[in-house]
2 protein chains.
Amino acid sequence: MKRALSVTREENFPEWYQAVVDQADLAETSPVRGCMIIKPWGWGVWELVQQALDKRIKETGHENCYFPLFIPMSFIAQEASHVEGFAKEMAVVTHHRLKTVDGKLVVDPTSELEEPLVVRPTSETIIGDAFRRWIASYRDLPVLVNQWANVVRWEMRTRLFLRTTEFLWQEGHTAHATKEDALEETLKMLEVYRVLAEDILAMPVMVGEKPENERFPGADSTFSIEAMMQDGKALQAGTSHYLGQNFAKAQNIRFQSATGELEYCHTTSWGVSTRLIGGVIMTHGDDDGLRLPPRIAPKQIVIVPMLREKPEDAELLAYCEKLKSELDQLTAFGLPVRAHLDKKPVRSANKRWDWLRRGAPILLEIGPRDMAGDNVTLIRRDKLRDGDKVISTGFAREKFLSHAPGLLAEIQQNLFDEAKARLDGNIRSDLKDFDAIAAFFGAATDDDAQQGFRGWVRAPWARPSGADLEAIEVRLKALKLTLRNVPVGQGPASGVCVFTGRPAVEDIIIARAY
Amino acid sequence: MKRALSVTREENFPEWYQAVVDQADLAETSPVRGCMIIKPWGWGVWELVQQALDKRIKETGHENCYFPLFIPMSFIAQEASHVEGFAKEMAVVTHHRLKTVDGKLVVDPTSELEEPLVVRPTSETIIGDAFRRWIASYRDLPVLVNQWANVVRWEMRTRLFLRTTEFLWQEGHTAHATKEDALEETLKMLEVYRVLAEDILAMPVMVGEKPENERFPGADSTFSIEAMMQDGKALQAGTSHYLGQNFAKAQNIRFQSATGELEYCHTTSWGVSTRLIGGVIMTHGDDDGLRLPPRIAPKQIVIVPMLREKPEDAELLAYCEKLKSELDQLTAFGLPVRAHLDKKPVRSANKRWDWLRRGAPILLEIGPRDMAGDNVTLIRRDKLRDGDKVISTGFAREKFLSHAPGLLAEIQQNLFDEAKARLDGNIRSDLKDFDAIAAFFGAATDDDAQQGFRGWVRAPWARPSGADLEAIEVRLKALKLTLRNVPVGQGPASGVCVFTGRPAVEDIIIARAY
Ligand SMILES: [Zn+2]
Ligand SMILES: [Zn+2]
């Protein structure tokens, strides 16, 4: 079968992913190891994700601010688990000047810093330091801030959007008087992330708590949303952490309570990153490229005029301009419709495939015959083909205009429903012991492309901890499996733990993961 | 006279500036040398500046994207003038791992990078490298991109917003087929900056071309907008550079022309930064704190209910909630009005001064008597006092609601007019030689606070270059003076050059500057 990409999902999923990133013009590798260049189309998607999330972050009472890119090395050491988790993978600034020696640019050795600075891998310590200064009394609480920022974690194996040395994210940081308030905040933002993933990205997720071994370094509990990619693997798409009093004690973040006592704050942090775009690709992409949910499509409706380098082109262009200005008046999802008229001097057939690969939700191809009949010819990206044939449908222009907002909503819903059916249909919960689970997933292969689709397992467990949990982790790791999360809102547990044989206390999700 | 700040502009302008930044809750110093923490109120201003500018950047055909934070050291060396200008002040990443030795965190010496990375001081070289890959034919031109990013320049003396080691900005980068196209782009974005400064920040500017010695390292010509601060000094508020073929030749950015020849591109770059906020403070602030132009005020109308911890408070709060929701329905400057009801458990008098210091354009104080008469009591931040007395005015609620958008527009215009009168009234153009100019500015002092208000001089000059210009620079530097720019749109020159005595070719602005 001929499709727009040179490789299909089935043939080689990792190569297919790379082909979509490339062919949809989302991003490219840069000359800086592990850092990516986000191209305009990819950036446009990120801007829409940011806008949607930023609105909800503000609606839930948080204020944006900005903290330094650099963190003094000594700060990283303040919280013991935190340094353990992060110290191994940071960019370290040691000098502040270059100089030319014999015509060659070198680091000036006289410019060595007294204390090295790390490029923030996350900002708990530098923000905690400000919290200590900002917070004196219970009246100052809660403190609810967020920043949009770039962070750097030195990664050995990188993949565009999914794992890059530099990535972009938002990180929320809050301080509260009580554990109850802080936990409520943690779960509130987890719910904001669920809504973002499901309603904006059309990416259904499993909401749950991470097991102890998968917690953020320094957290008392970590919650996540996990999405199922089309290769059956899990993608952690967002996390929200209750940090207990760990950072507060390490950094002396205290407040005077209403009764006059000095108490440590309870803090939280939560973040989502450009990784979400990787999730969108692997949730919605097909063998013709990306499919974008309309809510995050930088251009929702693209008009391609079928120009023929003839005098009649002018009239056709005028017709298309008018159509675009009519679309500009429409509203979808509470925002102006994003329509685009592609006037580039490129063959119409190439334009069609460029926009289909990029995942524009609706393509309108307008030729002289359409104009004559006051029609549009429409291609829906979410329902592109019947067998191998591309489906295009004629509409009277007026009728299309009145249906366009509803059609965009329908496409958004359709993409969600497809992904939701995949998630719901591929969680095995009938495997009763570790051998059955191991047999289900099969042996791990070195080559991701050979892994094959498996989906997830939902299994009862006894919530082992410490050395017991570590031993389980080792067994799972041999199969390249990980514990994803313990879904929230479970009923009473039944059965026995698939790992320990002890009475189960809850179900946990097991999967291969990104 | 009693004012809300502990220091007045006249007493000590630099200390006054610092007091506004602090008392208006805009930003604070961080534990990282030269890096600032932008607090929610300051960040809110920056978000509005970003939104206004981003809209115009897109309307003029540019697309946002994102390039890596790090630049390989060798890239910086590619363009000779560029390395000369920037090599001396950069953060250099040399290692990628920390480790714990005897319980102490240190840089892991085995993690040294093969090639050091610099934290971008500006991105011409890393973006030029992408342009080389992206551009093949004249059909690919122009390339018009922009990024919003943090950059780092290692500064010895820093001042919040005005000069910080890390700052935030946008940097536009474009490539064109001809010099004419590139120059047109350079001037188009300069005009976008003028509109941003004057219409959005209410900060009038002098638009002009920088003299040779003040050009961006690697540029053929640099244009700027310069604003006059209340101490009479100039602030360079935005720059736009025509880079000629310098970077194209250094980085081999070429295209095949319509006639099949391989030619070097002409490139441009242009940027404004968080420094603009410093400009807003020094343009509009007074001895009671910040005054924000309504278009960039995160909250334009703040309602302070005069609560008395009595049962009647509930009714008063309900009245204020209703007022806020009515204000939320209004539109000013084409956007929803940003109203805020301050319900914090703080004394009303403190709230009044908090919001006045922060520069909220309109304050509504609502007490039981206002409610009873269905009135509001209004304080305009731009016309705060009559003598020492704070002016507050009663309005019928309905009347205020119908006038609010117009009032915000009037405040915006009033702030601009004040600043415009200051700029226009303080440019001396009658000084005919260097001695007169030196006498006018007076001797330089080590202490900025003792400098006194002078304003600018506009003087004819012969556009000397090379060694002649360097000698002039030395003479000016002894008086702490700089050449700002050559205003655009000048009539024919007359008179003689104040520096060389040769026939003048144009006027240039001379001033002390930030
Ligand atoms: Zn086929
Ligand atoms: Zn007085």
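Predicted model: local features only at pLDDT ≥ 70, side-chain atom pairs only at ≥ 80, totals over all residues.
In chain A, a salt bridge joins E28(A) to K39(A), with 3.6 Å between the closest N and O atoms. E28(A) lies in strand β1 (residues 27–29) of chain A and K39(A) in the loop between β2 (36–38) and α2 (40–59), so the pair ties together parts that are eleven residues apart in sequence. Both E28(A) and K39(A) are buried. These two residues also belong to a network of salt bridges that links D25(A), E28(A), K39(A) and R358(A) with D129(B), R132(B) and R133(B).

Over all chains, the structure holds 74 salt bridges. One further pair is formed by K343(B) and E321(B), whose side chains meet at 2.8 Å, N to O. This pair, too, links distant parts of chain B, with K343(B) in the loop between β20 (339–341) and α10 (348–358) and E321(B) in helix α9 (residues 313–328), 22 residues apart. K343(B) counts as partly exposed at 47% relative accessibility, and E321(B) is partly exposed with a relative accessible area of 36%.

Helix α13 of chain A, spanning residues 434–441, contains the buried residues F434(A), I437(A), A438(A), F440(A) and F441(A). Viewed down the axis of α13(A), the buried residues fall within an arc of 160° and therefore line one face of the helix. The face turned away from this buried side carries the exposed residues D435(A) and A439(A). The cover over the buried residues of α13(A) includes β26 (427–428), β27 (456–461), α14 (466–478) and β30 (506–511) of chain A.

The N-terminal end of α13(A) is capped by D433(A), a side-chain oxygen of which lies 3.2 Å from the backbone nitrogen of D435(A). Just after α13(A), G442(A) adopts a positive phi of about 75°.

Methods:
Residues numbered from 1 in each chain as written. Chains lettered and ligands numbered in written order. Heavy atoms only, no water. Buried < 20%, exposed > 50% of the residue type's maximum accessible area, 1.4 Å probe, protein only. Helix = DSSP H or I, 4+ residues; strand = E, 2+ residues; numbered from the N terminus. Arc of directions from axis to C-beta. Contact = heavy atoms within 4.5 Å. Polar contact = N/O pair within 3.5 Å; in protein donor to acceptor, adjacent residues only side chain to side chain. Salt bridge = Lys/Arg side-chain N within 4 Å of Asp/Glu carboxyl O.
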